[in-house]
Structures are given as structure tokens and as C-alpha cells.
Amino acid sequence: MGQSKSFTVKGTFIGNRMTHISKYVGHGSKFRLDREPENEFDPNAIAVKQIFKSGGSVMLGYVPRELAAEWAPLMDNGWMPEVTFGIKFIEEKMGTCKGMKLRCKLQ
């Protein structure tokens, strides 16, 4: 494939995900995409997680449904997009986090 694709992470507003993103996602953060074929809402679901040096992770949201439908069969066959960059959106007037975008390298 040899290209990259950017997307806005969905579901960041659920629970305390946005609080975590505001406090702990920054320059140098590492991310992983995990398939969730047993997801009751979408069998193509792909979770976005922040990973830590300790090996632990925290759920941040999901790849958008349309993109997940495209990537899920490929990931089920061993392909893995590499997350190369993550950035959070800050509302300029309020200074609060209002979302997150990822860029993935497609190999």
C-alpha cells in the first residue's frame, strides 16, 4: 500500500476517555489498533488504544465505521496499519480537549 491515512477517533466522549486524552496523550505517545470482532455494535470494530512502556494500555475510542469495514478483513488476515502520529484537538476559546486524530501508515 505504501501510503498513510488520517482519521478522527470516534467515541472519545464515552466515560473518562476525553479526560485521559487531555491529561496523558502528548508528544511521544504510542498507540495500537486492536480488532474487536465480538463487538456487539459492529463486528468490524477496531479499537484505538494508547500503550505504555509497562505494556499496559487504555482505550481511547474507535476507528470510524467506514474505515473499519475496509480494514477489518485485512487485519483478520494479519495486516496491521502502523500508527505513526497522534494529535489531540484543543478548543481554542476554552483550552479544552475536544477530540483526537491519528495518522496510520499503510504497508
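A: **The nonpolar core and its surroundings**

The largest nonpolar core has 22 residues, and those with the most contacts inside it are Phe 7, Leu 33, Val 48, Val 63, Trp 71, Met 100 and Leu 102. A nonpolar core here is a set of buried Ala, Val, Leu, Ile, Met, Phe, Trp, Tyr and Cys residues joined through side-chain atoms within 4.5 Å. Buried means under 20% relative accessible area, exposed over 50%, and partly exposed in between, with a 1.4 Å probe and protein chains only. Two or more core residues come from each of α1 (17-24), β2 (30-35), β3 (46-51), α2 (65-76) and β6. The largest share, 5 residues, is from β6. Helices (H or I, at least four residues) and strands (E, at least two) are DSSP runs, numbered from the N terminus.

The model is predicted: local features need pLDDT of at least 70, side-chain atom pairs count only at pLDDT 80 or more, and totals for chains, interfaces and linings use all residues. Residues are numbered from 1 along each chain as its sequence is written, and side-chain values use heavy atoms, with hydrogens and water left out.

Take Trp 71. Leaving aside neighbours within four places in sequence, Trp 71 is in contact (heavy atoms within 4.5 Å) with Lys 5, Phe 7, Leu 33, Ile 46, Trp 79, Pro 81, Cys 104 and Leu 106.

Now strand β6 (residues 96-106). β6 runs antiparallel to β1 (residues 3-8), with 6 bridges joining the two. Ser 6 stands opposite Arg 103 of β6. β5 (residues 82-91) is also antiparallel to β6, through 9 bridges. There, Lys 88 faces Met 100 across the pair. Strands count as paired if DSSP finds at least two bridges between them.

Charged pairs come next. The structure holds 4 salt bridges, each a side-chain nitrogen of Lys or Arg within 4 Å of a carboxyl oxygen of Asp or Glu. One joins Lys 49 and Asp 34 at 3.2 Å, N to O. Lys 49 lies in β3 and Asp 34 in β2, so this pair ties together parts 15 residues apart in sequence. Asp 34 counts as buried, at 18% relative accessibility.

Arg 35 bridges to Asp 76, with the closest N and O atoms 2.8 Å apart. Arg 35 is in β2 and Asp 76 in α2, so parts 41 residues apart in sequence are tied together. Arg 35 is buried at 17%, while Asp 76 is partly exposed at 49%.
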